[in-house]
Amino acid sequence: AAWCADARARADLARTDPLPLLQGQLSWQERQLLDAWAPERIAVPSGSRIRVDYAGERPVLAVRIQELFGARATPCIAGGNEAVLLHLLAPNQRPAQVTDDLASFWANTYPTVRKELRGRYPKHDWPEDPLAAEPRARPGRKRGK
């Protein structure tokens, strides 16, 4: 009731974020459990904590490819039972690839994506072995140039 007390139209409700109110209804232990099973953000190898989008059919983690260098497995939620859908972003922040199997992406698709992105973004670092490369929060320019 408190969430919609000041609402006069449906549009007013759409602009209101019910999450803080709902979290206020939970005990500390319940909030901890919710955060463990459905985290608001997921830490990636670069050290960034990326927001998970739960609005669609599957949870989505939109993250720059360079931030996942070195990661061998797809990040999971729900106690490790549900892999998030990765939107792997190019430097322009647009998805270059969508996958829920990061290991397969590195092994099979990355060489093709790398070739395409190297052509579009030649000043960025696109290592041949992304599993051995240092993850970077900012795509930046090639090392040593």
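Tutor: Contact here means heavy atoms within 4.5 Å. This is a predicted model, in which local features need pLDDT of at least 70 and side-chain atom pairs count only at pLDDT 80 or more, while totals for chains, interfaces and linings use all residues. Residues are numbered from 1 along each chain as its sequence is written, and side-chain values use heavy atoms, with hydrogens and water left out.

Student: Which residues does Thr74 touch, not counting those up to four places away in sequence?

Tutor: With that exclusion, Thr74 touches Ala83, Val84, Leu86, Asp100, Asp101 and Leu102.

Student: Is Thr74 buried or exposed?

Tutor: Buried means under 20% relative accessible area, exposed over 50%, and partly exposed in between (1.4 Å probe, protein chains only). Thr74 counts as buried because its relative accessible area is 12%, whereas Leu34 is partly exposed at 38%.

Student: What does the side chain of Thr74 reach at 2.8 Å?

Tutor: A polar contact is a pair of N or O atoms within 3.5 Å; within protein, one must be able to donate a hydrogen and the other to accept it, and residues adjacent in sequence count only if both atoms are side-chain atoms. The side chain of Thr74 reaches the backbone nitrogen of Leu102 at that distance, and a polar atom of this side chain also lies 3.2 Å from the backbone oxygen of Asp100.

Student: Beyond four places in sequence, which residues does Leu86 touch?

Tutor: Among them are Leu61, Leu68, Thr74, Pro75 and Leu102.
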